[in-house]
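Here is a short briefing for a reader new to this structure. Look over the sequence and the model, then read on.

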Amino acid sequence: MRTVIGPDGVRSVRVLSATTIGWDELAGIRIGRNGAVYAVRTDGSEVRLPAVTISQLPRVAVASGGRETLVEAMREARRQVAASEQSFTQARDAARDAEM
């Protein structure tokens, strides 16, 4: 399984199938709860991007030729990670306070 970023778009290659999303069809990127990365089409459907992680989004954005959709997705992923880390820290601190 792999994801290929090229001049025509994003290609998700899985064991039994492959899906290509042209740049004009790509509306954005969504980060799943488990860290999985999904390409979101303009019609709202999603395709999982195998072997792509949040930490690889900067490389994906560069490989896309700096397409604004992926650059913005990278920024949003950073915001999501920061918010998640903040929520975790707050929950941890609340649990510690409750123990005292």
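Arg 30 lies over the face of Tyr 38, at 4.5 Å from the ring centre. A charge counts as over a ring if NZ of Lys or CZ of Arg is within 6 Å of the ring centre and within 35 degrees of the ring normal. This is a predicted model: local features need pLDDT of at least 70, side-chain atom pairs count only at pLDDT 80 or more, and totals for chains, interfaces and linings use all residues. Residues are numbered from 1 along each chain as its sequence is written, and side-chain values use heavy atoms, with hydrogens and water left out.

**Salt bridges**

- The count comes to 2 salt bridges (a side-chain nitrogen of Lys or Arg within 4 Å of a carboxyl oxygen of Asp or Glu).
- Arg 30 forms one of them with Glu 46, at 2.8 Å from N to O.
- Arg 30 lies in strand 4 (residues 26-31) and Glu 46 in strand 6 (residues 46-48), so the pair ties together parts that are 16 residues apart in sequence.
- Helices (H or I, at least four residues) and strands (E, at least two) are DSSP runs, numbered from the N terminus.
- Arg 30 is partly exposed, at 32% relative accessibility, and Glu 46 is partly exposed at 37%.
- Buried means under 20% relative accessible area, exposed over 50%, and partly exposed in between (1.4 Å probe, protein chains only).
- Arg 92 and Asp 93 also form a salt bridge, with their closest N and O atoms 3.5 Å apart.
- Arg 92 is partly exposed, at 33%, and so is Asp 93, at 31%.

**Nonpolar core**

- A nonpolar core is a set of buried Ala, Val, Leu, Ile, Met, Phe, Trp, Tyr and Cys residues joined through side-chain atoms within 4.5 Å.
- The largest core has 19 residues; Leu 26, Ile 29, Val 37, Leu 49, Leu 57 and Leu 70 touch the most other members.
- Strand 4, strand 5 (37-41), helix 1 (57-63) and helix 2 (68-99) each supply at least two residues of this core.
- Helix 2 gives the largest share, 5 residues.
- In soluble globular proteins, nonpolar side chains tend to be buried together.

**An exposed loop residue**

- Leu 16 sits in the loop between strand 2 (9-13) and strand 3 (18-22).
- Leu 16 counts as exposed, at 83% relative accessibility.
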